[in-house]
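Subject: Structure for your review: ligand surroundings and pocket

Dear colleague,

Please find below the structure that I am handing over to you. My findings on the ligands and their surroundings follow it.

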Amino acid sequence: MIKIGILGNGTVGSGVIELLKKNTEYIKRRSGTEIKVVKVLVRDKEKHQDKNISDIITNNIEEVFSENPDIVVEAIGGLHPAYEYIKRFLQLKKHVVTANKDVIANYGDELSAIAEENGVNLRFEASVAGGIPILKPLQECLAGNDIRYIIAILNGTTNFILSKMYGESMKYDQALKIAQELGFAEANPDSDVLGYDAARKLSILSSISYNEKIDWEKIKTEGITEIDEVDINYAKLLDCKIKLLAVSSREEKGIYAAVRPAIIAKEGFLGMVDNEFNGILLEGDAVGQMFFCGKGAGKLPTASAVLGDIFDVIENKKQKPMFMRYEEAQVNTKWSKKAKWLIRINVKDINDAKKILINKFENAYFFEDNICPKDELALLIEIENENILENKLANLYKESNISLIKKLVILNQL
Ligand code: NAP
Ligand code: HSE
C-alpha cells in the first residue's frame, strides 16, 4: 500500500482526493497497489468538518510527518510554508508532487538537488498549464529537439476574463469574480491578473526547454488590468482577439522572455483557446511546430496532472532532476522581430497629431472608426523591433504634447 499525505484541501487537494476515490479500482489495477490518503493538512479544520474525510483532516503539519507517508502532494500554494514543508519531506526521503509554480519558479533548482541527494522524486507537472501534459513531453519525448520558441497562454483566470470580456461584453470585475468562484484564481488573484503566475510558469517551461535558467523575475511582465473595451473593439475590427501571451524564444544572444497582452488571429491555434483553457505552441528543430491544448486550471484537470506524477513515482520512473545544472540565461525583454503594433495615443488636436505621427511613422494607418474617446487616436504601424518603436515614441513625447496610452503587439500570423 502507498500512503499519501496531502497538504491542502482546496481546489487542487480536494480534486486529488476526489479523483483517487472515483477511480479507486482502476488505480489499483493500473498501479498494482492500493493508494491510501492518510492525512490532509488544512489551515482551518472547522471548514472541513462536514466532509467525509474529517477523520484524517489536521491543521498540524507534525501529524502529517508522523504518518510517514510515501508520497506527499503539496497543494497549499504560496511560497511559505510550502517551500519549508517540501524541503523537509524531501530530506526525509519522501517523494513530493506539487502544483505550486511559486515554489518551483523560486526554489526548483535547490529542491531538485535535495531530491536527487535523497534519492527521491520531486514532480510538478501540474504547476504549468494545469491538466496539459507539457513538462514531461519536453523532458522526454521532445528531448532530442532544440526548442526555438514557445508562445503560450498559461493562465486560466486571465484567459477566462478576456474571453468573457470579448465574447459576452462582461465587465472585468464580474468575470474575475466568476473565475474565483470556479476555483481558477490564485488565493491572491493579483498573481493572475498582473501576469506573475504566467511569468513563473513561463520560467519553468522555458528553463526546461532551453536547458538554461530563466529567472522569472527577469521576465518582462505585463498583466491584463489595463485592457479595456476599446482594445477589445480594435481587436474585433482586426478580426483578432486579445490574449495574455507568455512568449520565449532563443535569440542570437540570450533568451527573449515576456508575458504581455497581444492581439492575435481569432482563428489561429491560440486564438481558439478560450475560457480556462491553456495552449502552448512551440517549435523544435526536428519536430517542427507543435500545439498542446487543454484545461489550464480547475479541480479535476489539475488533479489529473497530479495523479500522473503519482503514478510515475509509484512505477518508479526515475526522472533526471530538473533545473539542477542550468546556467543562468541572459533574459532579453524587447520584442526583436518585425511586427505590427496597435498604438493608442492621447492627443490635444487630432489633425496636428496625425501630421506629426505620419512624419514619424511613414506607414501609419489611422483607424477612422469612432471606437476610442475623443481625445485619443489609434493607429497601426509596422516596425523592425520594439527598441526602435520605443525610441521613436520617446522622441515623440519630447517633441510634442502627445502621450502614449498603450501599445499592443499584433501577432496575427499565429
Ligand atoms: P486553494 O483552493 O486556496 O486551497 C488551498 C488549501 O491549502 C486550503 O485547503 C487551505 O486550507 C490550505 N492551506 C493554505 N495555506 C495553508 C497553511 N499555511 N497551512 C495549512 N494549510 C494551508 O488553492 P488551490 O487553488 O487548490 O491551489 C493550490 C496550489 O495549486 C497553488 O500553488 C496553485 O497555484 C496551484 N494550482 C492551482 C490550480 C487551480 O486550478 N486552482 C491549478 C494548477 C495549480 P483552508 O481550506 O483551511 O483554508
Ligand atoms: N491561477 C492559475 C490559473 C491556476 O488561473 O491559471 C492554474 O495554475
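A residue is taken to be near a molecule if one of its heavy atoms lies within 4 Å of that molecule. Please bear in mind that this is a predicted model.

Ligand 1

By that criterion, ligand 1 is surrounded by 24 residues, of which Asp 44, Lys 47, Lys 101, Glu 186 and Gly 298 are the closest. By class, this shell comprises 9 nonpolar, 10 polar and 5 charged residues.

Several polar contacts may be of use to you. An oxygen atom of ligand 1 lies 2.8 Å from a backbone N or O atom of Asp 44. For Lys 47, a polar side-chain atom is found 2.8 Å from an oxygen atom of the ligand.

Ligand 2

The residues around ligand 2 include Lys 101, Asn 155, Gly 156, Thr 157, Asp 192, Asp 197 and Lys 201. The shell divides into 3 nonpolar, 4 polar and 5 charged residues. Two helices, α7 (156–167) and α10 (196–210), each contribute at least two residues to it.

Here, a polar side-chain atom of Lys 101 lies 2.5 Å from an oxygen atom of ligand 2. A polar backbone atom of Gly 156 is 2.7 Å from an oxygen atom of the ligand, and an N or O atom in the side chain of Asn 155 is 3.5 Å from an oxygen atom of ligand 2. Taken alone, ligand 2 exposes 250 Å², of which the protein buries 93%.

Where do the ligands sit? The elements that give two or more residues to the lining are α1 (11–22), α5 (101–117), α7, α9 (190–193), α10 and α12 (299–314). Among these, α1 gives the most, with 3 residues. By class, the lining has 13 nonpolar, 22 polar and 12 charged residues.

Yours sincerely

How values were computed:
Residues numbered from 1 in each chain as written. Chains lettered and ligands numbered in written order. Predicted model: local features only at pLDDT ≥ 70, side-chain atom pairs only at ≥ 80, totals over all residues. Heavy atoms only, no water. Polar contact = N/O pair within 3.5 Å; in protein donor to acceptor, adjacent residues only side chain to side chain. Nonpolar A, V, L, I, M, F, W, Y, C, P; charged D, E, K, R; others polar. Areas by Shrake-Rupley, 256 points an atom, 1.4 Å probe, with all protein chains shown as cover. Helix = DSSP H or I, 4+ residues; strand = E, 2+ residues; numbered from the N terminus.
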